[in-house]
Amino acid sequence: MLYIHYYKSPLGNILMAADSVGLTGLWFEGQKYFPYELNIEYKEKELPIFEQTKKWLDIYFSGYEPDFMPDVHMIGSEFQIKVWSILKQIPYGQTMTYGEIANKIAEQNGGIPMSAQAVGGAVGHNLISIIIPCHRVVGKNGSLTGYAGGIERKIKLLELENVNVKNFFIPKKGTAL
């Protein structure tokens, strides 16, 4: 059984989803792929994981780095889970490029090259946004490329973490990662 609950953030309403293992989804209302993977039976219910996640989000949206991580249950392909695991390692207030993530995966795969575009697809389908920080991923040369929650939210999330977004730019459509 899947459970859902809502959170009102300064950047818009957020839908949370969880199963018996942990948080399975966190989406801004109306974002691309919203609510991705909610095609099975679910029930709205208050659960301890949602209380833990709301506490984490309260701290985060207050401008501080939470010192704990809610239990998450990453559901995806082996490749997606590898990418999302790397996202979890990007420190608060820092960014990483799609190419850097591709290189890390190539290292894990014994040097087999990986495309930044493939990484971009996995990043874009991250089910647990903010907590698995896909907003910290930028394109080559400092471009602020797509974010399923919207580029404006990506900028706000990075600013919240004191990232100087003036060092980045928004590329024209079709620009490589």
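This report looks at the nonpolar cores and the aromatic ring pairs of a predicted model. Local features need pLDDT of at least 70 and side-chain atom pairs count only at pLDDT 80 or more, while totals for chains, interfaces and linings use all residues. Residues are numbered from 1 along each chain as its sequence is written, and side-chain values use heavy atoms, with hydrogens and water left out.

**The cores**

In soluble globular proteins, nonpolar side chains tend to be buried together. A nonpolar core here is a set of buried Ala, Val, Leu, Ile, Met, Phe, Trp, Tyr and Cys residues joined through side-chain atoms within 4.5 Å; buried means under 20% relative accessible area, exposed over 50%, partly exposed in between (1.4 Å probe, protein chains only). The largest core has 42 residues, and Leu23 and Phe61 are among those with the most contacts inside it. Its largest share, six residues, comes from α1 (helices are DSSP runs of H or I, at least four residues, numbered from the N terminus). A second, separate core has eight residues, including Val138 and Ile155.

**The rings**

Rings of Phe, Tyr and Trp (its six-membered ring) pair if their centres lie within 6.5 Å; planes under 30 degrees apart count as stacked, over 60 as edge-to-face and the rest as tilted. There are four aromatic pairs in the structure, and two of them are shown here:

| Pair | Centres | Planes | Type |
|---|---|---|---|
| Trp56 and Tyr60 | 5.3 Å apart | 5 degrees | stacked |
| Tyr60 and Phe61 | 5.5 Å apart | 80 degrees | edge-to-face |

Trp56 and Tyr60 sit four residues apart in helix α1, about one turn of the helix. Trp56 is buried at 6% relative accessible area, and Tyr60 is buried at 0%. Ring pairs join Tyr7, Trp56, Tyr60, Phe61 and Tyr92 into a cluster.

Technical notes: Helices (H or I, at least four residues) and strands (E, at least two) are DSSP runs, numbered from the N terminus.
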